[in-house]
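This report covers selected local features of one protein model. The sequence and structure are shown first.

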Amino acid sequence: SQVPARTSQKSPVLRAWRGERVSAQAVLATPSDLGEVSFTVSDLKSGSFVIPASAVRKYFVRYVLTDYFDLKKDSFLHADRLDPAESMKVEANQTRPLWLDIHVPADAKPGTYRGTLTVNLEPSPSLSLAGSALSLPIELQVADRTLPDPSQWSFHLDLWQNPYAVARFYDVPLWSQAHFDAMRPTMELLAAAGQKVITCSVINKPWNGQTYDPFESMIGKMRQIDGTWQYDYTVFDRWVEFMMSCGITEQIDCYTLVPWHNRFDYYDCASNMVQYLNCKPGEPKYREFIVPFLKDLSRHLREKGWFGRTYIAMDERPKDQMEAAWRTIQEADPEFKIEGAANYSVESEAAERIDDLSVGFRYNLIQGEALAKRNAKGQKITFYTCCSPDRPNTFTFSPPAESAYLGWHALACGYDGYLRWAYNSWNANPGIDSRFSSKGWYSGDCFLAYPGGSSIRFERLVEGIQAYEKVRLLRPTLTASQQKQLDEAVSQFAPNVYPKEQDPVGMLRKAGDVLWKLSK
């Protein structure tokens, strides 16, 4: 309900490479009831060259309930959800943000493009403006540089998907065609951000059911009467094939051999019921259960042609359990690759065995010789945020610039990308409420995308990833003097201690100016 202060500032000038997507936001503030409001964007023109209006995605920004670091304080409304609705009702004494994503075609001609954002008001006898239109100019400068398709980006984005949340929210049978149809827009949105990894749960509740919709096993395990094992990969195969059809094809992560609850279940034909096995890595019972499973999983993955892109994934487990699990994996198939998040020394033997390692933002700053050693072995290293640190992060109430900051941090540290534990682990009603305080997590911790739409946080995250890619492509073309300018701009994002007085908006603006100058 707060009306922004009016200033004499001109409409912002947007800047992009060809193939990039850039965002802008306008705000409609009104003392009167406007009824149903819609808005359009014209073609963007530079002389005879045109970026068509179809290249612009339009969203109304919705407000959702959020809390803050002090969960005991009253909740409040925060603008975050991007709703692709054609129109919406705007009542008196409201502000309504409007969000644009301009997807610059890869074949666009360099130059300055201009167009218009037009807000259309419903006719009303009580409003003098009703039936007319309000407009704002749009100016977009396009550089003579090209960003490749997101599927070709090098940034290793690993946001964990939760298919079970989608089935529950849309009230469709799990793994039905209706379920896959409901998931496709959300997963294609993820693919368009450059996502590389398919999240697969190969046991029930690998994280002890910490999400509103627990992860179930995508692979059935059945012990025959004679003691041999039979495995059902039907769901696993359908899920992986579906995600590949959405454009996410590089890596398959199988969670987990080291669950938080140390409990495994299977169907026992002799007793005609589900049985539970409580054991830890290193114990005889663990080996007897895991080795046959991994041997058969290896066989199946090789038959499908997926073995080379599959990782056995383990999340924030103690070093002794990781070591014991690694020995079991080696026994089953020494060619299995390992993925893991760790918040202990990245130079430990356990960490060195992890082919795709993710380190906590504030715990480990791997650099120098250790980083060079991993690069030489072809091992990936990313960093992650989750319920910590407080800043920078992607909570609903986090300054949106902090999402873009993350891509620059990966760049400054020499990391391959970024991991986050929840892309769409929705709560009971994510469209209006982003809180999850019953688990002690902050608002927005569990999801970056909403049912049917994106979020400001997610779009700003993509902004930082695109900057990562642009710097990677730009560096080989620069002179030594230009390299120095760029390195100075990037280095400010390296520290893994984030001061309270940090100004991510100013940092991003300064770095963006340098990047744009060098792009010309």
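In which helix does Ser519 lie? The model is a predicted one, and in it Ser519 belongs to helix H11, which spans residues 504-519.

Ser519 has a relative accessible area of 2%. Because the cut-off for burial is under 20%, Ser519 counts as buried. Apart from neighbours within four places in sequence, the residues in contact with Ser519 are Trp17, Ala143, Arg145 and Leu474.

## Helix H9

Helix H9 covers residues 456-474 and contains 19 residues. From first C-alpha to last it reaches 27 Å, close to the 27 Å expected at 1.5 Å a residue. Of the 19 residues in H9, 16 are buried, which leaves the helix mostly covered.

## The four-stranded sheet

An open sheet is built from 4 strands in the order E15-E14-E17-E18, and its pairing is mixed. The edges are taken by strand E15 (229-232) and strand E18 (273-278); each has a single partner strand, so one side of each lacks a neighbour in the sheet. From one strand to the next, the twist averages 35 degrees.

Within this sheet, strand E14 (residues 220-223) pairs with strand E17 (residues 263-268) in the parallel sense, over 2 bridges. Arg223 is placed opposite Asp268 of E17.

## Helix packing on the sheet

Helix H4 (residues 284-304) packs on the sheet and touches E14, E15, E17 and E18. The direction of H4 makes about 55 degrees with that of E15.

How values were computed
Residues numbered from 1 in each chain as written. Predicted model: local features only at pLDDT ≥ 70, side-chain atom pairs only at ≥ 80, totals over all residues. Heavy atoms only, no water. Expected span 1.5 Å × (residues − 1). Buried < 20%, exposed > 50% of the residue type's maximum accessible area, 1.4 Å probe, protein only. Contact = heavy atoms within 4.5 Å. Pairing = 2+ DSSP bridges. Axes fitted to C-alpha atoms, helices over the stretch in contact; angles between N-to-C directions.
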